[in-house]
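I opened my notebook to look around a protein model, one place after another. Come along and keep the picture beside you.

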Amino acid sequence: MSKKLFVLPGDGIGAEVMGPAVEVMQAAADLVGCKIEISEGLVGGVAIDATGEPLPAETLAQAQAADAVLLGGVGGPKWDDLPMHQRPEKGLLGLRQGLGLFANLRPALLFAPLADASSLKADLVSNLDILIIRELTGGIYFGEPRGIEQRENEKVGFNTLVYSEAEIDRIARVGFDLAQKRNRKLCSVDKANVLEVSQLWREVVNGVHKDYPDVELSHMYVDNAAMQLVRAPKQFDVIVTGNMFGDILSDVAAMLTGSLGMLPSASLASTGVGLYEPVHGTAPDIAGQDIANPLATILSVAMMYRYSLGEPGAAEAIEAAVAKVLAENYRTADIDDGQDRQRVGTGEMGQLVINRL
Ligand code: NAD
């Protein structure tokens with residue numbers, strides 16, 4: 001049976017990086033003999049222009065019927081003045097909600113030839129390969145009660161950090177499952193010395209651990225985790241944490257690699273459908289110039305093969321092809337350090353990866 005892949009190029013450089021990414025998707029499928037069917041839809045600004053809605057009902061229905069969705073990016077100055085509920089970003093939020101994506105996977109992977117781009121010393125980050133799993137639909141960003149209200153003589157703002165056993169259990173299982181496919185080390189990050197919700201988090205994670213005796217589990221307070229990520233990031237394999245801690249730690253980890261144009265991401269639902277997208281946005285400052293780096297989106301395709309299509313061989317082939325192109329000194333402008341590199345554009349970088357596949 002062929003796998004249904006739904007592609008949403010979106011706006012700005014999203015549409016530009018999607019061309020090479022789709023070609024890599026097809027080339028990798030041919031390589032491992034995986035049958036795929038690719039269809040394309042509208043989301044974000046282009047969807048607003050065509051239909052008046054950032055997430056047309058047809059787009060959501062097609063995404064829900066797919067095995068995996070690949071998104072370029074949404075947004076841009078053209079749509080910045082629209083009211084909040086009509087903005088392109090609403091399309092992305094609607095997609096996340098409509099697909100029930102509760103687990104956000106952000107690898108921080110640093111190909112050795114790019115180690116000098118990091119703000120850390122090259123030997124601390126060269127060949128870095130860690131995976132941060134962030135709970136995406138619960139925690140303090142969604143907890144009730146929340147608000148700003150007048151109490152006696154002053155206004156007070158408040159939010160609620162809440163996690164149920166079921167929410168912790170399901171994200172912990174994602175962490176253990178993925179650690180099993182990697183180096184079998186899972187670090188759960190919390191603030192159990194201060195927060196009751198973290199004490200429950202720890203208790204539930206320890207309980208789930210009994211089903212994964214082959215994975216080495218550790219716990220770390222979030223303040224220490226932030227410090228360890230910049231002190232010795234290679235000590236980690238997989239990190240699992242709640243929504244807000246994950247939001248912050250995944251950006252710290254992203255910066256370790258020094259390059260927005262290289263970072264893929266995945267968001268998974270319990271149904272198995274996944275949304276794959278580069279971490280970067282639509283980069284209006286460089287859109288339309290054929291200079292955007294397509295590798296974050298191409299590496300998102302690799303994640304799609306690994307986590308939604310059950311084809312780890314295709315994922316490894318794509319990652320190896322990217323590593324080879326970088327080792328051969330080809331660079332888009334954003335990762336060119338000026339040291340005798342061969343500068344290439346978006347389309348050419350994509351073609352180089354396909355040739356190495
Ligand atoms: P951005 O990630 O688009 O760009 C930040 C900087 O990084 C820019 O200088 C850009 O040129 C550069 N950059 C980003 N991706 C690159 C690539 N692949 N190759 C080379 N250079 C790259 O973030 P921003 O400027 O804050 O936002 C621009 C627009 O993107 C806004 O409308 C924002 O809302 C939207 N956005 C969308 C998403 C998404 O769809 N998931 C995420 C973030 C931002």
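**Entry 1: the domains**

I began by noting that this is a predicted model. I then looked up the domain assignment, which gives domain 1 as 1-106 + 263-357 and domain 2 as 129-256. I asked how many Å separate the centres of domain 1 and domain 2. Taken over C-alpha atoms, the centres are 26 Å apart. I also looked for contacts between the two, and found 10 residues of domain 1 touching 15 residues of domain 2.

**Entry 2: helices H6 and H7**

Next I turned to H6 (residues 165-181) and H7 (residues 196-209), whose axes come within 9 Å and cross at roughly 50°. The crossing of H6 past H7 is right-handed. From H6, the contact takes in Glu 165, Ile 168, Asp 169, Ile 171, Ala 172, Arg 173 and Phe 176. H7 brings Leu 200, Trp 201, Val 204, Val 205, Val 208 and His 209. I sorted these residues by class and wrote down 9 nonpolar, 1 polar and 3 charged.

**Entry 3: helices H10 and H11**

Which way does H10 run against H11: roughly parallel or roughly antiparallel? I looked up H10 (residues 295-307) and H11 (residues 312-327) and saw their axes come within 6 Å, crossing at roughly 155°. Angles over 145 degrees count as roughly antiparallel, so H10 is roughly antiparallel to H11. H10 passes H11 in a left-handed crossing. On the H10 side, I listed Leu 295, Ile 298, Leu 299, Val 301, Ala 302, Tyr 305 and Arg 306. The H11 residues in this contact include Pro 312, Ala 314, Ala 315 and Val 322. The classes here are 12 nonpolar, no polar and 3 charged residues.

**Entry 4: Leu 71**

I picked Leu 71, which sits in strand E3 (residues 68-73). Is Leu 71 buried or exposed? Its relative accessibility is 1%, so Leu 71 counts as buried. Leaving out residues up to four places away in sequence, I found that Leu 71 touches Leu 8, Met 18, Val 43, Leu 92, Leu 275, Tyr 276, Glu 277 and Pro 278. I also checked Arg 343, which is 272 residues from Leu 71 along the chain, and the C-alpha atoms are separated by 26 Å.

**Entry 5: Arg 184**

Arg 184 lies in the loop between H6 and strand E8 (185-190). With 37% relative accessibility, Arg 184 counts as partly exposed. Setting aside neighbours within four places in sequence, Arg 184 is in contact with Ala 179, Asp 214, Val 215, Glu 216 and Asp 237.

**Entry 6: backbone details in loops**

I looked at the peptide bond from Glu 144 to Pro 145 and noted that it is cis, with omega near 0°. Pro 145 belongs to the loop between strand E5 (129-135) and strand E6 (147-151).

Then I checked phi at two residues. Asn 127 is not a glycine, yet has a positive phi of about 65°. I located Asn 127 in the loop between helix H5 (122-125) and E5, and at 55% relative accessibility Asn 127 counts as exposed. Asp 290, also not a glycine, has a positive phi of about 55°. The loop holding Asp 290 runs between strand E12 (274-278) and H10, and at 42% relative accessibility Asp 290 counts as partly exposed.

Methods: Residues are numbered from 1 along each chain as its sequence is written. This is a predicted model: local features need pLDDT of at least 70, side-chain atom pairs count only at pLDDT 80 or more; totals for chains, interfaces and linings use all residues. Side-chain values use heavy atoms; hydrogens and water are left out. Axes are lines fitted to C-alpha atoms, for helices over the stretch in contact, and angles run from 0 to 180 degrees between N-to-C directions. Helices (H or I, at least four residues) and strands (E, at least two) are DSSP runs, numbered from the N terminus. A crossing is left-handed if the near helix is turned anticlockwise from the far one by less than a right angle, and right-handed if clockwise. Contact means heavy atoms within 4.5 Å. Ala, Val, Leu, Ile, Met, Phe, Trp, Tyr, Cys and Pro count as nonpolar, Asp, Glu, Lys and Arg as charged, and the others, Gly among them, as polar. Buried means under 20% relative accessible area, exposed over 50%, partly exposed in between (1.4 Å probe, protein chains only). Domain bounds come from an automatic or database domain assignment. Angles under 35 degrees count as roughly parallel, over 145 as roughly antiparallel, 65 to 115 as roughly perpendicular and the rest as oblique.
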